[in-house]
Amino acid sequence: MNFSRIARITAIGAVAALAVTGCAANEAAPEASTAPEGATLSGTLVGGGASSQEVAVAAWTKDFQTANPDVTVDYDPAGSGTGRESFAAGAFAFAGSDRAFKTSELSEMSFETCAADAGIVEIPAYISPIAIIFNLDGVDSLNLDAATVAAIFMGDITKWNDPKIAAMNAGVELPDLAINTVHRSDKSGTTGNFTDYLSATAGDVWTHGSVEEWPIAAGESAQGTSGVVQAVEGGTGTIGYADASRAGDLGTVSIKVGEDFVAYSPEAAAAIVDASPLEDGRGEGDLAVKLDRTSAEAGVYPIVLVSYLIACETYADAAQAELVKGFFTTAISAAGQDAAAAAAGSAPISDTIRTKAQAAIDLISTK
Amino acid sequence: MTTTVSAPASAPAKVAQRPGDRWFSGSALFAGSMILVTLAAVAVFLFVQSIPGITATGEEASILKDGDFWDYVAPLAFGTVWAAALALVMAVPLSIAVALFISHYAPRKLSQSLGYVVDLLAAVPSVVFGLWGIGVLAPAVQPAYSWLVDNAGWFPLFAGPASGTGRTIFTAAVVLAVMVLPIMTAICREIFLQTPSLHEEAALALGATRWEMIRMAVLPFARGGIVSAAMLGLGRALGETMAVAMVLSASGGINFRLFTAENPNTIPANIAQTFPEAYGLNVNVLIATGLILFIVTFLVNAIARVIVNRRKDFSGAN
């Protein structure tokens, strides 16, 4: 009896000791890798911001860290608002944001990471088309113009076989079905850019302006891009808006630009950024694009989300300046943009933007 | 004959305590006090972190928009209680029925395997229930919702417009009911099996049918246990996060319509959806909504306990 009790206690003790050794920190040193030629960068680069760029930043990080094995890049997808604030407060060396800083913010905020009186560099590094997706049996594509889309999402047009829709889609069999709109329940840059498009092109129909949180209570709400896509897929006669990379094989809308109906495509999405002017009143490195959603140029798709990478023009720390320059150069390079397109479904930036962005990146220096 | 009245006994001699007694009572005391300490720690955390949120205004905490904290939390609290109440209305009778079937009606083999299957249902993660809800249940019930709205739309609960995807508060309540069913059934089953067999046999001997025996001997005995089971189920239904977050289309305020797409959100689902992108005072506001949920659960449990204790003297257990 005594022996079996001692044996039991010993067994428990042995198991506990084995379990605790499993918690020991991994002390094995990482394998020394042979650095490729020309790589002199090392250190840690900490940034954060837009969750829309998360997958693209991961692709750029992978490329950058492969070329510079001693570098670690950390990106915290805490949201554009948090990214901008933390960048200004000095917690991040660079930020990702679905909108550029407003000029009022630039004059009011002080940027702790940057050297005093320095400007900031903002480059449009991530372009993502927003597709209007719908689920109708037997219909793969619909032609709609901005006023009709606005009326649908306002709740003014309630049936699929409404004459306004039929007028633009001759030959398409539209059922007598109620339209169910699906929108994002969370605050989102996708909503912001979609409503920006509606208020710019159909401001008399869409009266809620450009907002990041859907302003109307009516209609289905879903969480995140995947939620919207699932809601549209699972419903009947549903229509919603989501990042084009996740549209799958749902029907999509070709939007009227000028006289043609343009379907979304990476080239068309990049074309609208080319066709839009830069905002004035900003520094040399600040390439905030004033998207011209009403542009009538051929082959542009105006419903896009443009996400920026933001950095200082002058860093107090020389090493940080080099790291940021290297990372941004990887991001806008053709290889980087293609990697992001493959991973995240974004539209690669055009060469025009690349040249301008590279000029802005070259301004990054240390004091 | 005088009866001898013995002098009041002196305090009974202290029972010899072995080390095992001391260890066991000590660890039981420790475990009990740890529960209280944990609960107190959670409550203190909630209180301390919520105070800045409760007093915040719309400018300080962007999540509040134009109103104050109470405007923000009122529809959420309503949605939580409404969804949980609907779920319990569906689940409690069903779980009592299943438990009665397992304990009193089914042949032994069937009851064992049925009990096993019900316990398995408790092991399914809530995310899987959420996926099942949006993938299978919502599309399947959507035609029923449309039909009810078209034909019985005069009834306030069934007012339209019907949701096109079926992701309504009623669907969320059905998913919640499926999730709380196994817990309640397991507890009720154990309680029903504990009924003193003498009571049951006495009822049968008096000529009662099986249902009358259950009504006379089993259910009164089990009343306290059924309420405990329902409270456990209610706690789970009130706190369920992922399943509701995935299934519910939450864009509305306080309303009683079951089949529309404008439903009030629930507090845990709202926290799960909003917390990732929240910063600053918004986090405090969200924690404050958690505190409200804590208080609501506490109140409902207290009310249930009071109801049970008032009838304690009449229950079959005494």
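This is a predicted model: local features need pLDDT of at least 70, side-chain atom pairs count only at pLDDT 80 or more; totals for chains, interfaces and linings use all residues.
Within β9(A), Thr252(A) is the residue opposite Ser141(A). A further pairing, antiparallel and with three bridges, links β9(A) to strand β10 (residues 260-262) of chain A.

Strand β3 (residues 94-97) of chain A is covered on both faces. Phe94(A) and Gly96(A) lie on one side, Ala95(A) and Ser97(A) on the other, and all of them are buried. Strand β1 (residues 43-49) of chain A pairs with β3(A) in the parallel sense, over three bridges. Gly47(A) has Phe94(A) as its bridge partner in β3(A).

β3(A) is also joined to strand β11 (residues 304-312) of chain A, by three bridges and in the antiparallel sense. In this case Ser97(A) faces Tyr308(A) in β11(A).

## Gly49 in strand β1

Gly49(A) is part of strand β1 of chain A. Is Gly49(A) buried or exposed? Gly49(A) counts as buried because 31 other C-beta atoms lie within 10 Å, and the cut-off for a buried residue is 20 or more.

Apart from residues up to four places away in sequence, Gly49(A) touches Ser80(A), Gly83(A), Arg84(A), Ala95(A), Gly96(A) and Ser97(A). Lys325(A) is 276 residues from Gly49(A) along the chain, and the C-alpha atoms of the two are separated by 18 Å.

## Ala200 in helix α7

Ala200(A) sits in helix α7 (residues 189-201) of chain A. With 16 other C-beta atoms within 10 Å, Ala200(A) is partly exposed, because the count falls between the limits of 12 or fewer for exposed and 20 or more for buried.

When neighbours within four places in sequence are left aside, Ala200(A) is in contact with Arg293(A) and Thr294(A). Ala146(A) is 54 residues from Ala200(A) in sequence, with a C-alpha to C-alpha distance of 9.4 Å.

## Packing of helices α2 and α11

Two packed helices are described by the angle between their axes and the distance between the axes. For helix α2 (residues 54-67) of chain A and helix α11 (residues 334-344) of chain A, the axes come within 8 Å and cross at roughly 135 degrees. α2(A) and α11(A) are therefore oblique to each other, and α2(A) passes α11(A) in a right-handed crossing.

On the α2(A) side, the residues that meet α11(A) are Val55(A), Ala56(A), Ala59(A), Trp60(A) and Asp63(A). On the α11(A) side they are Ala335(A), Gly336(A), Ala339(A), Ala340(A), Ala343(A) and Ala344(A). Sorted by class, this contact of α2(A) with α11(A) consists of nine nonpolar, one polar and one charged residues.

## Contact between chains A and B

How many residues does the contact take from chain A and from chain B? The contact takes 22 residues from chain A and 18 residues from chain B. On the side of chain A that touches chain B, the elements giving two or more residues are α3 (80-89), β7 (220-222) and α8 (224-234) of chain A. By class, that side of chain A has five nonpolar, 14 polar and three charged residues.

## Chain A as a whole

Chain A contains 12 helices and 13 strands. Along the principal axes, the C-alpha atoms of chain A fill a box of roughly 85 × 70 × 40 Å.

Of the 367 residues in chain A, 48% are buried. Among contacts in chain A with a separation of 6 or more, 74% are between residues 24 or more positions apart.

Conventions: Residues are numbered from 1 along each chain as its sequence is written. Chains are lettered from A and ligands numbered from 1 in the order in which they are written. Axes are lines fitted to C-alpha atoms, for helices over the stretch in contact, and angles run from 0 to 180 degrees between N-to-C directions. Helices (H or I, at least four residues) and strands (E, at least two) are DSSP runs, numbered from the N terminus. Angles under 35 degrees count as roughly parallel, over 145 as roughly antiparallel, 65 to 115 as roughly perpendicular and the rest as oblique. A crossing is left-handed if the near helix is turned anticlockwise from the far one by less than a right angle, and right-handed if clockwise. Two residues are in contact if their C-beta atoms, placed from the backbone, lie within 7 Å. Ala, Val, Leu, Ile, Met, Phe, Trp, Tyr, Cys and Pro count as nonpolar, Asp, Glu, Lys and Arg as charged, and the others, Gly among them, as polar. Two strands pair if DSSP finds at least two bridges between them.
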